[in-house]
Amino acid sequence: MTQRGRATRPTGPSGRPRRADGPRTGDRGGAPRGDLNARRARLREVIEPVVTAAGYDLEDLSVSRAGRRHVVRVIVDADGGINLDAVADVSRAVSAALDAAEEAGGDIVAGEYQLEVSSPGVDRPLTLPRHWRRNVGRLVKVTVRGGAGVPEQRTAADRQLTGRVVEADDEHVVLETDAGRVAHPYAELGPGRVQVEFSRLDELADDEAGEDIDDIDDEDDVEDEER
């Protein structure tokens with residue numbers, strides 16, 4: 001079964017932070033915002049081709065500070081979702097690419113850092129056509145904009161809509177609501193939010209007897225597997 005949800009695989013045994021060989025310089029007292037933005041751009045140059053070559057989409061890339069080290073978080077997804085084994089494969093490929101890039105051109109992230117690769121959680125907003133397509137069948141809440149979808153022309157006509165995604169293509173999404181099915185161009189919609197339906201989770205658990213859905217969010221189990 002391909003499981004959706006948040007699946008995380010830190011690199012290195014037991015999720016230990018990665019440290020490149022050789023001395024690290026700079027960034028001991030906190031990096032200016034511009035430096036973080038530059039690092040993020042450089043990281044994307046290295047990581048995105050690897051993720052794309054593996055058949056996935058790079059949904060998000062962030063760099064943050066955690067004490068004396070950085071945390072590089074990479075979120076990937078694909079049609080049909082991405083399971084833990086695939087996340088682990090991508091994590092290893094990204095880690096190898098970062099090592100190669102550092103050997104060729106010096107530090108990409110100054111100082112100690114940890115790489116985390118994960119799939120999107122249900123709280124991730126739906127902002128692109130592929131996000132809507134990958135959530136066909138799910139219940140979502142979204143703002144339908146007034147002013148023909150132009151942000152500068154939004155009015156009190158903006159309204160909240162809850163509906164089930166019936167179909168989605170590159171131009172519009174069809175939602176099943178209490179009033180029936182309605183097609184909305186993406187320009188009319190704000191970010192969609194998937195609504196958790198506990199009754200559907202129960203049905204999924206019954207259909208997939210023997211599969212432990214909780215493993216998706218259990219980072220301790222993930223780390224045990226890597227040992």
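**Figure 1. Overview of the predicted model.** Of the protein's 227 residues, 38% count as buried, where buried means under 20% relative accessible area, exposed over 50% and partly exposed in between (1.4 Å probe, protein chains only). This is a predicted model, in which local features need pLDDT of at least 70 and side-chain atom pairs count only at pLDDT 80 or more, while totals for chains, interfaces and linings use all residues. Residues are numbered from 1 along each chain as its sequence is written, and side-chain values use heavy atoms, with hydrogens and water left out. The protein contains 5 helices and 9 strands; helices (H or I, at least four residues) and strands (E, at least two) are DSSP runs numbered from the N terminus. Their order from the N terminus is β-α-β-β-α-β-α-β-β-β-β-β-α-α. Among contacts (heavy atoms within 4.5 Å) with a separation of 6 or more, 66% are between residues 24 or more positions apart.

**Figure 2. Confidence along the chain.** The mean pLDDT (the predictor's confidence in each residue, from 0 to 100) of the protein is 76, and 68% of the residues reach 70 or more. Helix α3 (residues 129–133) has the highest confidence, with a mean of 96, and helix α5 (residues 219–226) the lowest, with a mean of 43. Residues 1–31 have pLDDT below 50, and this stretch makes 102 contacts in the model beyond near neighbours in sequence. The pLDDT is also below 50 over residues 208–227, a stretch with 29 such contacts. Where pLDDT is low, the predicted coordinates should not be read in detail.

**Figure 3. The largest nonpolar core.** A nonpolar core is a set of buried Ala, Val, Leu, Ile, Met, Phe, Trp, Tyr and Cys residues joined through side-chain atoms within 4.5 Å. The largest one has 25 residues, of which Leu43, Ile47, Val72, Val74, Val76, Val94 and Leu98 touch the most other members. Two or more residues each come from α1, β2 (57–66), β3 (69–77), α2 (84–105) and β4 (113–118). Helix α2 gives the most, with 7 residues. Leaving aside neighbours within four places in sequence, the contacts of Val76 include Val51, Tyr56, Leu58, Ile82, Val90 and Val117.

**Figure 4. Val50 and its partners.** Val50 is part of helix α1 (residues 33–53). Beyond its neighbours within four places in sequence, Val50 contacts Ala93, Val94 and Ala97. The C-alpha atoms of Val50 and Ala97 are separated by 7.5 Å, although the two residues are 47 apart along the chain.

**Figure 5. The five-stranded open sheet.** The strand order is β8-β7-β6-β5-β9, with antiparallel pairing; two strands pair if DSSP finds at least two bridges between them. Strands β8 (180–185) and β9 (193–194) are the edges, each pairing on one side only. Strands β5 (residues 139–144) and β6 (residues 159–168) run antiparallel and are joined by 6 bridges. Lys141 stands opposite Thr162 of β6.

**Figure 6. The second core and the aromatic pair.** A second, separate core of 13 residues includes Val140, Val142, Leu161 and Tyr186. The model has 1 aromatic pair; rings of Phe, Tyr and Trp (its six-membered ring) pair if their centres lie within 6.5 Å, and planes under 30 degrees apart count as stacked, over 60 as edge-to-face and the rest as tilted. The Trp132 and Tyr186 rings have centres 6.5 Å apart and planes at 40 degrees, so the pair is tilted. Because Trp132 lies in helix α3 and Tyr186 in the loop between β8 and β9, the pair ties together parts 54 residues apart in sequence. Trp132 and Tyr186 are both buried.
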